[in-house]
Amino acid sequence: MIVVAGEALIDLVPQGAGALAALTPALGGGPFNTAVALGRLGSPTAFCSRVSRDAFGEALLERLQATGVDVSSVQRGVEPTTLAVATVGTDGSAAYSFYVEGTADRLFTQPKALLAGTRAVSFGTCSLVLEPGASAYEAMMRDASVRGVFTALDPNIRAGLIPDADAYRARFRSWLPSVSLLKLSAEDAEWLGGSPREWLAAGPAAVVVTRGGDGLTVFTREGAEYAVPGERVGVVDTIGAGDTVNAALLHGLAERDALSVEGLAALGAEGWASLLGFAARAAAITCSRAGAEPPYAHELEPPAL
């Protein structure tokens, strides 16, 4: 079981140009998208969060369940669902503004225990910023690491939600000893400061940096560096692309029985090239369609000869 911990929210996506373009609600949130992508790829997955009892919350849970994701660890609340208003640039890139005051997901409390059979836990995005839930997710990450569970982190920076950038950067560095795999975009890396080698020295066994259409690079604790190019595709938007990469990496590691520090070290050049290439293909499919619609496993199978 791969557990994805973090927020589920509603993206309001503009259907045209201009500030007053009509907005269409779409199910989203980085961790939510990661869980859906894992489910579509066929990995046994559970979602750990706090979700509103409003109509949006019900729709979020319905999508998870329809994808085969275990929602038994989801807490419920009467507060409203978080809203994220997306702005899509001419190149398909997305920026967000958030409506988070008094919403359900930020009131998450740490569960007493992980689900039986948990092999990995994935964290990231808004859930690690908004208190009091952020501290609960942080404690969950540290506890999982202490218990020897593989931990993945995608900070997925939303700068507009971070009131004190320096304090958040320091907090990010404090998480690294509890992280097995760090994945982040080149933009996130620039905002956070530091370098993959500095982050590796603090704890993770591997750091994966995504560069949009230019591909992905992994830096390993052993000093290796491997890169693959991006998959060329007609980009509709990039919503959910990074979350798809998260899911593809975790799914691929699980398939290789490599959800461990030792497993990452044993991948080598060929193993990393295959894994990163798989993640690049999955992300390209997500970018080729509107909203966060990650691929199903059959869409990533090689064509029959």
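Q: In what order do the eight strands of the open sheet stand?
A: In this predicted model, eight strands form an open sheet in which the pairing is mixed. Neighbouring strands of this sheet are turned by 15° against each other on average, with direction ignored. Read across the sheet, the order of the strands is S4-S1-S9-S10-S11-S12-S13-S14.

Q: Which residue of S4 is the bridge partner of Ile 2?
A: Strand S1, which covers residues 2-5, pairs with S4 in the parallel sense, and four bridges make up this pairing. Within S4, the bridge partner of Ile 2 is Thr 45.

Q: Which residue of S14 stands opposite Thr 217?
A: Thr 217 is found in strand S13, and this strand, residues 216-220, runs antiparallel to S14, to which four bridges join it. The residue of S14 that stands opposite Thr 217 is Ala 227.

Q: What is the phi of Gly 223, in the turn of the hairpin formed by S13 and S14?
A: S13 and S14 are antiparallel, and together they form a hairpin with four residues between them. Gly 223 lies in the turn of this hairpin, and its phi is positive, at about 95°.

Q: Is Thr 217 buried or exposed, and what is its relative accessible area?
A: Leaving aside neighbours within four places in sequence, Thr 217 is in contact with Val 207, Val 208, Val 209, Arg 211, Glu 225, Tyr 226 and Ala 227. A residue counts as buried under 20% relative accessible area, and Thr 217 is therefore buried, with a value of 7%.

Q: How many residues of S10 are buried?
A: S10 pairs with S9 in the parallel sense over five bridges, and one of its residues, Thr 151, is the bridge partner of Val 121. Both faces of S10 are covered, with Phe 150, Ala 152 and Asp 154 buried on one side and Thr 151 and Leu 153 buried on the other. The number of buried residues in S10 is five of five.

Q: What is the phi of Thr 125?
A: Thr 125 lies in the loop between S9 and H3 and is buried, with a relative accessible area of 6%. Most residues other than glycine have a negative phi. The phi of Thr 125, by contrast, is positive, near 65°.

Q: Where is Asn 156, a residue with a positive phi near 45°?
A: The phi of Asn 156 is near 45°, a positive value in a residue other than glycine. Asn 156 is also buried, with a relative accessible area of 13%. Its place is in the loop between strand S10 (150-154) and helix H4 (165-175).

Q: What is the relative accessible area of Leu 192?
A: Leu 192 is found in helix H5, residues 186-192. Not counting residues up to four places away in sequence, Leu 192 touches Pro 155, Ile 157, Tyr 168, Arg 169, Phe 172 and Leu 184. Leu 192 is buried, and its relative accessible area is 5%.

Q: Which strand supplies the largest share of the lining of the largest pocket?
A: The largest pocket has a volume of about 1200 Å³ and is lined by 49 residues, of which Ser 185, Glu 187, Thr 238, Ala 241 and Gly 242 lie nearest its centre. Several elements each supply at least two lining residues, among them strand S2 (9-14), helix H1 (30-41) and helix H7 (241-255). The largest share, five residues, comes from S8.

Q: How many residues of the lining of the largest pocket are nonpolar?
A: The lining of the largest pocket consists of 49 residues. These residues include 12 that are charged and 17 that are polar, while the number of nonpolar residues is 20.

How values were computed. Residues numbered from 1 in each chain as written. Predicted model: local features only at pLDDT ≥ 70, side-chain atom pairs only at ≥ 80, totals over all residues. Heavy atoms only, no water. Pairing = 2+ DSSP bridges. Axes fitted to C-alpha atoms, helices over the stretch in contact; angles between N-to-C directions. Buried < 20%, exposed > 50% of the residue type's maximum accessible area, 1.4 Å probe, protein only. Contact = heavy atoms within 4.5 Å. 1 Å grid on protein atoms, 1.4 Å probe; cavity = no way out; pocket = protein on both sides within 12 Å on 5 of 7 lines; lining within 4 Å. Points joined across faces, edges and corners; volume = space filled by probe spheres on them. Nonpolar A, V, L, I, M, F, W, Y, C, P; charged D, E, K, R; others polar.
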